[in-house]
Amino acid sequence: MNKISIIIVDKNGVQSQHTKTKVTTYEDALLSCGRGKFHIILLVLCGWAVSSDAIEVLSVSFLLPSATCDLSLTSSDKGLLNSIVFVGMMIGGYIWGSLADKWGRRNILMWSLLVNGIGNLASSVSQVFWLFLICRFVSGIGVGGSMPVVFTYYTEFQHKSKRGAMISLLATFWMAGNIVAAGLAWIVIPREYLSFVSGDFTFHSWRVFVALCTIPSITSAAMFVLMPESPKYLLQMGREQDAIAVLYNVHASNKSTAALQ
C-alpha cells in the first residue's frame with residue numbers, strides 16, 4: 001500500500017493536507033511477483049505430491065496378484081482392499097479440508113502426506129489381512145487430505161490470468177505418478193531375490209514395492225517444510241504483514257522487474 005499526500009487549498013487560501021491510501025489487491029500483487037524460479041519450484045514440489053497420491057491409489061492393483069497368496073485373499077477381500085483407500089479418501093477430504101482453513105495449507109499438506117506415507121509403510125510389513133486393510137485405510141485418509149489441499153495451495157500463488165492453465169499443468173503429474181507406479185512395479189515385484197523371510201515374518205518383493213511407494217509422499221512432506229504458507233490464507237487470518245513478507249520473497253525469488261507496492 002502507498003500513502004499519497006494531497007494538498008488542498010480552499011477559497012480563502014488556507015491549505016490542508018490529506019493522506020490517501022492506495023490499496024494493492026491480492027491479484028495485483030501476484031501479477032507484480034511475476035513468474036520465475038519460485039513458481040518452477042512450486043510446480044515441481046506440488047507435482048511430486050500429486051504424483052505420490054496417484055502412486056498410492058494405483059499401487060494396490062499391482063500388488064494384488066502377488067499379495068493374494070501371502071495374505072490368503074478371497075475375492076471379497078480383494079474388492080474390499082481396492083475400495084478401502086477411497087473410503088479413507090472420502091473421510092480424509094472432509095477432515096483435512098476443514099483443518100486447512102484453520103491451521104494453514106502448508107501445515108495440512110505436510111501432515112496429510114506424512115499420514116499417507118506412514119500408513120503405506122506400515123502396510124508393507126503387515127502380515128495379516130485385517131491389519132493390512134487398516135493401514136491402507138489410514139493411507140487413504142492421508143491421500144484425501146493432500147489431493148484437494150495441494151491444488152488449493154498451488155493456485156493461491158497463481159494470478160487469475162494463468163490459474164486455469166496452471167491447474168491443468170499440475171494435474172498432468174497424476175499421470176506421471178501412474179507411470180512411476182507402473183514402472184516401479186515392473187522393476188521390483190518380479191524380482192524374487194528381493195524377498196526376506198525370517199520365521200513367520202515374510203517380506204516379499206511386492207512388499208518392497210509398497211515400501212518404495214512411500215518415498216514420494218514422505219519426501220514431499222519433508223520438502224514442504226522449506227516452502228512458505230499461502231499468502232491468501234495469511235490474509236484471511238488477518239496476518240497481513242506475514243502475507244506481505246511472503247509476497248516480497250516470491251517477488252525476489254522470481255527476480256521480477258515489476259514494482260511490488
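The axes of helix α5 (residues 129-155) and helix α6 (residues 163-188) come within 10 Å of each other and cross at roughly 145°. Helices here are DSSP runs of H or I with at least four residues, strands are runs of E with at least two, and both are numbered from the N terminus. Axes are lines fitted to C-alpha atoms, for helices over the stretch in contact, and angles run from 0 to 180 degrees between N-to-C directions. The model is predicted: local features need pLDDT of at least 70, side-chain atom pairs count only at pLDDT 80 or more, and totals for chains, interfaces and linings use all residues. Residues are numbered from 1 along each chain as its sequence is written, and side-chain values use heavy atoms, with hydrogens and water left out.

The contact (heavy atoms within 4.5 Å) between these two helices involves Met 147, Val 150, Phe 151, Tyr 154 and Thr 155 of α5. From α6 come Arg 163, Met 166, Ile 167, Leu 170, Ala 171 and Trp 174.

Next is helix α7 (residues 205-212), which is largely enclosed by the rest of the structure because seven of its eight residues are buried. Buried means under 20% relative accessible area, with a 1.4 Å probe and protein chains only. The buried residues of α7 are Ser 205, Trp 206, Arg 207, Val 208, Phe 209, Val 210 and Ala 211. They pack against α2 (37-70), α4, α5, α6, β4 (201-203) and α8 (215-223).

Helix α4 (residues 105-125) holds Asn 116. This residue, Asn 116, is buried, with a relative accessible area of 2%. Leaving aside neighbours within four places in sequence, Asn 116 is in contact with Ser 52, Asp 53, Glu 56, Ser 139, Gly 142, Val 143 and Ser 217.

Note on methods. Buried means under 20% relative accessible area, exposed over 50%, partly exposed in between (1.4 Å probe, protein chains only).
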